[in-house]
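I opened a new page for this structure. My plan is to look up a few things one by one and write down what I find.

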Amino acid sequence: MTRERPDAAASASLWERDEEITAVLHAVDSLCADRSSSGGLLMFEGEAGLGKTALLAEARRIAERRGCTVWSARGGEFLRSVPFHVVRQLLQPALVRLHPEEIRDYLGDWYGIAGPALGIAEPSARHPDPQGVCDGLVAAVSRLAGREWPLVLLIDDAHWADEETLRWLAALSGRLAELSALMVVTRRPGEAEGTGAVLLDRVAAAAGVRTLTALSPEATAGLTRAALGAHADAPFCREVWAVTGGNPYDTVELLAKVRDSDLQPVEARAGDLRALGGSARGGGVIARLEDLGVDATRFAWAVAVLGPGMGVDLAARLATMPREDALRSIQQLREARILRETDPVTACGGDELEFVHPLIATAVYDSIPDALRTAMHGIAAQLVTDAGLGAAAASRHLLKVHPEADGELVEQLRRAAREHLAVGAPDAARRCLERALEEPPPPEVHAQVLYELGCATLLTAPATTVEHLKAALSMPGLDDDTRVDAVRRLSQALLHNNQLREAVRTVQLEAARHEPGPTRLRLHAVQYMWEGLHAGEAVTRDRRERLAALAAACTGRDNSERALLILRGFDAMTRGENAEEVVELCDRALVDGRLAPGLGWTDTEWGIELLLMLAGTYTYCDRLDRAEALYQEGVHAYERAGWSGGHLALAHAYVGLAHRRRGRLAQAEESLRRSLRIAERVGRGLPLYWTATCSLVDTLLARGQVDEAWETAERHDFVPPYPSTIVMPDPRCIRGRLLLAAGRTEEGVAELEAAGQAAAVRGHHNPVLVPWAADLARALAGVDPDRAAALAARVRRHAERFGTDTAVGEALRCAAALETGERAVRLAARAAARLETSPCRYEHAAARVELGILSGSVEELDRGRELARSCGADGLVAQADRMLQTVRG
């Protein structure tokens, strides 16, 4: 159907758009129903010129008529390298109108995290986590949506949005149902690339894309007659459609040329349309521009190079003309339909410069001779810098300049990279530093640039980081502290790239360069940390003895010594050495019972791994109070710092582990599911994903939810091959336990035997950390009692050596399960008594229920049942209920 309008030519792009406009009307009506209304997301897709921008303009008019607050932004073909460019366009104007204290109130804890990305707050000294910045931007919209209800957000040309904005947009699209905000997005198919395309497709999947089509011949005829008069005959109208393909933009441009040339809209002149049609795009636009003269052409080039938002004065300086001449050129360009007329509602002081259509912007930019365009970008970079807009704003232009061994350009790019990192845009920093290397840098700073690039890519591209840091270390120019840090980061990147042996060797070689002292000690600590974390590497007796000898001489006077004490304690815990001595080692690594300065959760020198080893050691040594304090401190530190990526996922996973050990199974499940939600955003297959999944499966089994545990394992890929780094609890042991619970006994036995072999290779004999032997003994009790008894005896020996109440109590439970009669009852009673003094309530509840079942004691069954209920262990409660019915029967 053709929608007739008073100004049909001006609204050409809205012809035959009834369905799309109706969708907008319904979405706005739903939003405006009341403050509790859910938000929504619409995406319109179409080739260039099909009217996406006009449809957004109509959405604005509809929303404003309903009293909505409307904010809008647009992607730019040549602005994709500018981080947060589109989200800043969208949110910054509304925020800067607020009083600074109002902004702080609305953004709350996210002010220092999202504020720098939005350009409304100074960045802190510590680089923010990109995922935290993304979450902060989502929170900003969430809070502002309540203030500005009903809020409509419009994003045009999302295919040209920067990657940081698209990451935010993808995250927000999954949350809009919770918010009272409507978002309408347009994109051109096939234009986005790489990660940006993946993110935009995620938005499209959440929205359900509506594809715009070209105008029909009938609509084109109606548009032609509206523009040229009712006397336009049918053959002429048909030829207009044939020339333009029904593209609304091309149709309007062609009809304008018909008017300008006084061409009569009759069949006899229809043959002239094809010649005129070429003026709408490409060479036709450029011919139209050149007809305006040198000044107008030069000014249009300046606008194309600078991009939108830079203003008349900056464009005039780039075009090397007085402001008066620039204003004359602007008027000419607007009359020629090259620059858009200023919107008096949205323009700031009449200084808005924007091309009528992105097709024109592209044509003008591409028409600039290559050498001149490159030179103009160089001049633009200087003008942007001189205007006080910062190195990051200038970097877009510096990336386009030809390499000329310019040391000053290298420094500008390094400054820009630091600014990008400060607002949470490491990919933008990487682009700047890679370009700096192409210059190339002066010899005295070349290694430093490589080091900075390696730091910027550490978390996103380990293989690339390895290459850059190796190159940096092969050159002169790094001071001692920077060199040691580069070695540490290189070894970390090698570890993440599954090159453990080379990671260790890299640190060993660097340590050999240094005399005995703090630096060498620090490097040794890094080496032992990587070795200690690797699940598949045999731990030699020599390595253990060297670590023990180093730690024995440590008093905890600096962080290198504290790290070695933690590593020695962790190693001793995994081996099942005396728990009291293990705890004493860990306590010596603290300062007045707290983490030392420089060893905090957000300190980057040592990283999260060391602190998780410390807290994990306390966890399995029955010092859960200390472990929980450390885990909670980690969560709070990451939340305050806005680190909502992998670090926060791990912190929540270990909080869940502590809850599981305490027997608070419902709380454990909640924390672990929260961890998995974050881990899903970071990426599957990483150790943090395994940690959360493994603990969740174990927790669900403890709750008696075998089917849910199995479904969780399948949904989250909890199957071999296992990660190369240590995961707590042990994945093989938990999968073996899951298989046994699911009735797949043969597979479960095989998995537990493999767990035992892997533990033996590592020298892990702590029966609480790797409980394979106890579970295997129970599984074999009916088919191979001799082997089961030998396994139970092994468990007991290791438990008594380790010495915790949990370890000994669990070993006694295992022994009781293999006995019958009075001996089984005595062992079960001893297990329950020992576990009563353990902090692990679930294991105590299980021991009480088992004692009640073996003894037929109603008192023990009642006691075990209540303990199990307090833990949320429904399976144990059901067991106790069944036995109570039998006993009372």
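**Cysteines**

I looked up Cys 32 and found its sulfur 3.5 Å from the closest cysteine sulfur, that of Cys 68, which is too far for a bond. I note that the model is a predicted one. A search through the whole structure gave me 0 disulfides. Cys 554 is also in no disulfide, and the sulfur of Cys 586, the nearest from a cysteine, is 13 Å away.

Next I asked myself: is Cys 32 buried or exposed? Cys 32 is buried, and I wrote down a relative accessible area of 11%. For Cys 554 I wrote down 3%, and Cys 554 is buried as well.

**Aromatic rings**

I looked for ring pairs and found 6 aromatic pairs in the structure. Trp 601, Tyr 638 and Trp 643 are linked by ring pairs into a cluster. I then checked for a charge over a ring and noted Arg 373, which lies over the face of Tyr 365 at 5.1 Å from the ring centre.

**Helices H3 and H5**

I turned to helix H3, residues 85-96, and helix H5, residues 111-118. How do their axes cross? The axes come within 9 Å and cross at roughly 110°.

Val 87, Arg 88, Leu 91, Gln 92 and Leu 95 are the ones from H3, and they meet Pro 116, Ala 117 and Leu 118 from H5.

Note on methods: Residues numbered from 1 in each chain as written. Predicted model: local features only at pLDDT ≥ 70, side-chain atom pairs only at ≥ 80, totals over all residues. Heavy atoms only, no water. Disulfide = S-S within 2.5 Å. Buried < 20%, exposed > 50% of the residue type's maximum accessible area, 1.4 Å probe, protein only. Phe/Tyr/Trp six-rings, centres within 6.5 Å; stacked < 30°, edge-to-face > 60°. Lys NZ or Arg CZ within 6 Å of the ring centre and 35° of its normal. Axes fitted to C-alpha atoms, helices over the stretch in contact; angles between N-to-C directions. Helix = DSSP H or I, 4+ residues; strand = E, 2+ residues; numbered from the N terminus. Contact = heavy atoms within 4.5 Å.
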